[in-house]
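Here is a short note to read with the structure open beside you. Take the points in order and find each residue as it comes up.

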Amino acid sequence: MNGEYILEVKDLEYTYGDGTHALKGINLKIEKGKKIAIIGVNGSGKSTLFLNMNGVLKATKGEIYFKGEKIAYDKKSLMELRKKVGIVFQNPETMLFSSNVYQEVSFGAMNLKLDNNIVHERVQAALEDVNMTEFSEKSIHFLSYGQKKRVSIADILVMEPELIIFDEPTSSLDPKHTQKIEEIFDELNKKGMTVLISTHDMNFTYSWADYIFIIDDGKIKKQGIPEEIFADNKILEECYLEKPFLFDVFEKLKEKKLITNTESYPKTKEELYKLLKTIS
């Protein structure tokens, strides 16, 4: 990556009150406008890193820069940071408090002391982005888990962030709702938003991400484009990560010399099927 960086983490360490050393010298740069995945097993430090990125946790050591400026921890600075760097947590239940969808999504915009008309416009836009406009008057209580997930995303979108962070966004979702979430990510990214996710879904990571960081035991073990990451058998084994299905099939075809175009890695099932048709 060599574009403009929206967020940079330098020598970041974080130790919890009970002595757990969760982050051990993290260095990474998030390129503006990209789709970024951070992968690693549970307990590797992903959520702790995210909470440091928007100032919920304060680093024990090291620095974080947003758009070239070192983040500060006074109340005003943190409020400004959280408008620009939004986090959608894994469990939507922990984020939703209001009685209906419209009230829930408008809460963040009203806290910004915006004019009522602007609040309404932002809420409508956020609900449209997550395909929940028709549910605006519906009680949160009666929404499905997948719908609650989308409302929790709208909660953050209403703030109009530049970087949006999703912690395990597709966990506990069926394939249909997972696809809807993926489509939302892609639309947000097309609008210029930088999207950063953590996930255990290697198939999704491979086909979706522009760039990947592997985190293990509080350290960045490897970073690169998906093809570089998933070609490294040693690091995948060390970090207990599975090889994506499409990538694995492509490598097997290469090994057996069944395909001539060995540079163009298929990122979708359709691309793989097209490739298979070339095998005589």
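1. Start with a term. A salt bridge is a side-chain nitrogen of Lys or Arg within 4 Å of a carboxyl oxygen of Asp or Glu. K252 and D248 form one, with their closest N and O atoms 3.0 Å apart. Both residues lie in helix α10 (residues 245-255). They are four residues apart, about one turn of the helix. Helices here are DSSP runs of H or I with at least four residues, strands are runs of E with at least two, and both are numbered from the N terminus.

2. Know what you are looking at. This is a predicted model, where local features need pLDDT of at least 70, side-chain atom pairs count only at pLDDT 80 or more, and totals for chains, interfaces and linings use all residues. Residues are numbered from 1 along each chain as its sequence is written, and side-chain values use heavy atoms, with hydrogens and water left out. The pLDDT is the predictor's confidence in each residue, from 0 to 100. The protein averages 92, and 99% of the residues score at least 70. Among the elements, strand β9 (residues 211-216) has the highest mean pLDDT, 98. Helix α11 (residues 269-276) has the lowest, 87.

3. Now the overall build. The protein has 11 helices and 10 strands. Its radius of gyration, taken over C-alpha atoms, is 20 Å. The C-alpha trace spans about 65 × 45 × 35 Å along its principal axes. Buried residues make up 49% of the 280. Buried means under 20% relative accessible area, exposed means over 50%, and partly exposed lies in between (1.4 Å probe, protein chains only).

4. Contacts come next. A contact means heavy atoms within 4.5 Å. Take the contacts between residues at least 6 apart in sequence: 63% of them join residues at least 24 apart.

5. Look at the open sheet of four strands. What is the order of its strands? The order is β2-β1-β4-β5, with antiparallel pairing. β2 (21-31) and β5 (69-70) stand at the edges with a single partner strand each, so one side of each has no neighbour in the sheet. Two strands count as paired if DSSP finds at least two bridges between them. Strands of a sheet pair through backbone hydrogen bonds, either parallel or antiparallel.

6. Follow β1 (residues 5-15). Eight bridges join β1 to β2. L7 stands opposite I30 in β2, and Y14 stands opposite L23.

7. Return to the salt bridges. How many are there by this rule? The count comes to 16. E63 and K70 make one of them, at 3.6 Å, N to O. E63 is partly exposed, with a relative accessible area of 29%. K84 and E162 make another, at 3.7 Å, N to O. K84 lies in helix α2 (residues 75-84) and E162 in the loop between α5 (145-157) and β7 (163-167), so the pair ties together parts that are 78 residues apart in sequence. K84 is partly exposed too, at 31%. K67, K84 and E162 are linked in a network of salt bridges.

8. K252 is partly exposed, with a relative accessible area of 41%. D248 is also partly exposed, at 28%. Side chains of opposite charge can pair when their charged atoms come close.

9. Finish with P169. Is P169 buried or exposed? P169 is buried, with a relative accessible area of 3%. It is found in the loop between β7 and α6 (175-190). Leaving aside neighbours within four places in sequence, P169 is in contact with K149, I181, F185, I197 and S198. P169 and K32 are 137 residues apart in sequence and 20 Å apart in space, C-alpha to C-alpha.

Definitions and conventions. Rg over C-alpha atoms; globule rule 2.2 N^0.38 Å.
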